[in-house]
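Have a look at the sequence and the coordinates, then read on.

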Amino acid sequence: MARDVASPLTAVDRVGRGARLRRGWLRRSAAAAEVLGGIARRALDLIVGLVMTLLSAPVAFGCMLWGRLRGRGMLEHDVFVGRQMRPIDLGRIPAPGPLARIPWLWAVVRGDLSLVGPAPLPWSQTAMLRPQALVRFQVRPGLADLFTVR
């Protein structure tokens, strides 16, 4: 159905039940609020990512030195699937537990990751995806998923 330019409605595609895309119609003011919400979300990611990167830099440097002294590399690189199926190269510190993901904060600052979003999928697992699972790549992957935050 064609809409004229002066129409107060705009089309929005959303994920519905069963991971199907559904088209909905929003008033232009609601669409503008959604765009502003995306800008605010990115600004929050940028600010928190920068602060956390600066605060965790001494710990990251210590872990990288510890890995180097143990005969391992300072960073290990993995390729993950990002937004719109683009590859993301993420470094990992050879450290135990969540300390290994400290370099991922820099990916938040770069804009490859978000603070909250679906977990990044390793590139090696893309061959096993079903077509319904491709919906998750419409948003930016994150450090923590929504289930962890709630």
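## The loop between strands 3 and 4

Gln84 sits in the loop that runs between strand 3 and strand 4; helices (H or I, at least four residues) and strands (E, at least two) are DSSP runs, numbered from the N terminus. Gln84 isn't a glycine, yet its phi is positive, at about 55°. Met85 is found in the loop between strand 3 and strand 4 too, and its phi is near 60°, again a positive value in a residue other than glycine. At 33% relative accessibility, Met85 counts as partly exposed. That label covers the range between buried (under 20% relative accessible area) and exposed (over 50%), using a 1.4 Å probe and protein chains only.

A word on ground rules: this is a predicted model, where local features need pLDDT of at least 70 and side-chain atom pairs count only at pLDDT 80 or more, while totals for chains, interfaces and linings use all residues. Residues are numbered from 1 along each chain as its sequence is written, and side-chain values use heavy atoms, with hydrogens and water left out.

## Salt bridges

How many salt bridges does the structure hold? There are 3, counting a side-chain nitrogen of Lys or Arg within 4 Å of a carboxyl oxygen of Asp or Glu. One of them pairs the side chains of Glu76 and Arg92, at 2.7 Å from N to O. Glu76 belongs to strand 3 (residues 76–81) and Arg92 to strand 4 (residues 87–92), so this pair ties together parts that are 16 residues apart in sequence. Both ends are partly exposed: Glu76 has a relative accessible area of 22%, and Arg92 has 29%.

Arg92 also meets the side chain of Asp78 in a salt bridge, at 2.3 Å from N to O. This pair links distant parts of the chain, with Asp78 in strand 3 and Arg92 in strand 4, 14 residues apart. Asp78 is partly exposed as well, at 25%. Then there's Asp112 with Arg110, whose side chains meet at 2.7 Å, N to O. Asp112 is partly exposed at 28%, and Arg110 is partly exposed at 43%. Shared partners join Glu76, Asp78 and Arg92 into one salt-bridge network.

## Ser114, tucked into strand 5

Is Ser114 buried or exposed? Ser114 is buried, with a relative accessible area of 6%, and it's found in strand 5 (residues 114–116). Its side chain makes a polar contact with the side chain of Asp45 at 2.7 Å. Such a contact is a pair of N or O atoms within 3.5 Å; within protein, one must be able to donate a hydrogen and the other to accept it, and residues adjacent in sequence count only if both atoms are side-chain atoms.

Setting aside neighbours within four places in sequence, Ser114 is in contact (heavy atoms within 4.5 Å) with Asp45, Val108, Arg140, Pro141, Gly142 and Leu143.

## Nonpolar cores

The largest nonpolar core has 8 residues: Phe80, Ile88, Leu90, Trp104, Ala107, Val108, Leu113 and Leu115. By definition, such a core is a set of buried Ala, Val, Leu, Ile, Met, Phe, Trp, Tyr and Cys residues joined through side-chain atoms within 4.5 Å. Strand 4 and helix 2 (104–110) are the elements that give two or more residues to this core, and helix 2 supplies the largest share, 3 residues.

Apart from this core lies another, of 6 residues, among them Cys63, Met64, Ala95 and Ile102.
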